[in-house]
Amino acid sequence: MTQPYRPDPEAAARWLLDVLGALDVWRELPPLAEHADAALTRQVLQEAATFVHEVVAPLNRSGDEIGARWHDGQVTMPPGFREAYRAFWQAGWPALSAPVELGGQGLPMALEFVLYEWLSAANHAWTMAPGLLHGAVECLRHHASAGLQARYLPKLVSGEWLATMALTEPQAGSDLGLVRTRATPAGDGTYRLEGSKIFISGGEHDLTDNIVHLVLARLPEAPAGAKGLSLLLAPKWRPDGQRNAIVCERIEDKMGLHGSPTCVLRFDGAKAWLVGSPHQGLGAMFVMMNAARLHVALQGIGLLDAAWQKAHAYALQRCQMRAPQRRDPTQPADPIIAHPAVQRLLDTQRAWIDTGRLLAYRTALALDVAQHHPDAARRQAAQRWCALATPVLKAAWTEQAFHGASDCLQVFGGHGYVREWGIEQIVRDARVTMIYEGTNEIQAHDLLLRKTLPDAGAALAGVLLELQDDLPPASPWQAGVQRLQALLARLAAADAGTQAALHPVAGDFLRAVALTLMGWARQRLGRADAAWDAQVGRAFDRWVWPEQAWRCEMVERALGEPPPLP
């Protein structure tokens, strides 16, 4: 009864090219100028949509039902996963945005963003496998020795080999300063890893011939805490052809993502190579972690769209009761999409999906500007946007993915709670996105306590000024920007004792920023599409936007008695 997820390449192209003016952005970036071609963009998106719909999406339900299987240290992926992944990397999809000099195609980052959003919507578990490739490539590209780059980058860029991010241990989840895994020099320039890691996505599988583990560990005499961590590379298969001493002890029995093996790994003196400088591992790993956080944001947007597609299709054909405005008076019941409660559920999620997509695509454009623009000021402004948008997109849209998917399940009534329609799988799969790559609470504290208070809100104020220039003067979204600006002024003036009271409302602050950014995206989309403005834009104004004011008020109350709302 459930249909595979279907991407919309025409909408993605329209938003990139018409709403965001991507071609003009790419023309200013020397490495991307030759790719500033509308026909090429549409062709890549169409081919990506076809691959996602025809190859990856049909494996979603069977992957959930059969799951990854562990036996005697080996993991077998669900039927079809290996063949689909082989087709994926051989078609060149992992190398889409990688630099040409590393064997990549050198295409704009926005195209990779669209691809991974669709892959996550179509089959979240399968997409977990290649999801860390971009971050691993960037980490090695910027921090590994020339020898390690020559040996591992080509196969990671192509996707022939996959990578993991081995951080978490039983006693060290988000607090990486508690990591105990040890790396002892072997005397030949290599190290021997001893310790255990948990929650390692894709730590063992049969998708590829090799797996490159990037592992946080401590060298002898390392300082305590996070400043004593080093980053090491430990492959499943060593360059001499021998199996490395890395054991998969088990895979977790999870709430969702059954097709993605979450592994417990034991390093029994595994041979490893240092990446970057001793005791500087966390900084090197953050390159990979930030990339992963943006990919998780795309997972949230994609999963919410997958849930909406199922609920919308169901609401069009399921007839129950009579709607306030009858569709067909000759019929005993109306399609439930005609009922106002269902309309509100669907249109609200559509507003979150569409504004989130536009913000994600803008962030992709900013990533390329930050890396390639010849003007230092433009690079700095783009980096400022990316630094602030990353925790906002990750936290706000993964939270909405879970709660919005639950709302979409509500559209099905009792049918949503059984497996045959597929909506309950999305609810289960989406829940973990709020947890991994830094919990949403950590993202909120990152935004408020690390990226706003230290500079008295200057970076965020700069972003808000950019938004103001693109908003109608008398619009409610302009008023929302001014409301947040007033809040920033109070935050900047607060003393240390008052700032300490902000910890419990960091999530409210992040949500207020997210909604302010959504206001910008809403007016951009409404300006470009009258039909969207009349339905989805109106739903945004009625059911989503009012939250911005009371989220600001929650933070105001933590600072003391709030002033009247504008």
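User: Why is Cys 248 called buried?

Analyst: Cys 248 has a relative accessibility of 4%, and buried means under 20% relative accessible area, whereas exposed means over 50% and partly exposed lies in between (1.4 Å probe, protein chains only), so Cys 248 counts as buried. This is a predicted model, in which local features need pLDDT of at least 70, side-chain atom pairs count only at pLDDT 80 or more, and totals for chains, interfaces and linings use all residues. Residues are numbered from 1 along each chain as its sequence is written, and side-chain values use heavy atoms, with hydrogens and water left out.

User: How do you know that Cys 248 and Cys 263 are too far apart for a bond?

Analyst: The closest cysteine sulfur to that of Cys 248 is in Cys 263, at 3.9 Å, but a disulfide is a pair of cysteine sulfur atoms within 2.5 Å, so the two are too far apart for a bond.

User: What about Cys 139, and how many disulfides are there by this rule?

Analyst: The sulfur of Cys 139 is 18 Å from its closest cysteine sulfur, in Cys 386, and is therefore too far away for a bond. By this rule the count of disulfides is zero.

User: What makes Glu 547 buried, and which side chain does it join in a polar contact?

Analyst: Glu 547 has 13% relative accessibility and therefore counts as buried. Its side chain is joined to that of Arg 511 by a polar contact of 2.7 Å, a term for a pair of N or O atoms within 3.5 Å where, within protein, one must be able to donate a hydrogen and the other to accept it, and where residues adjacent in sequence count only if both atoms are side-chain atoms.
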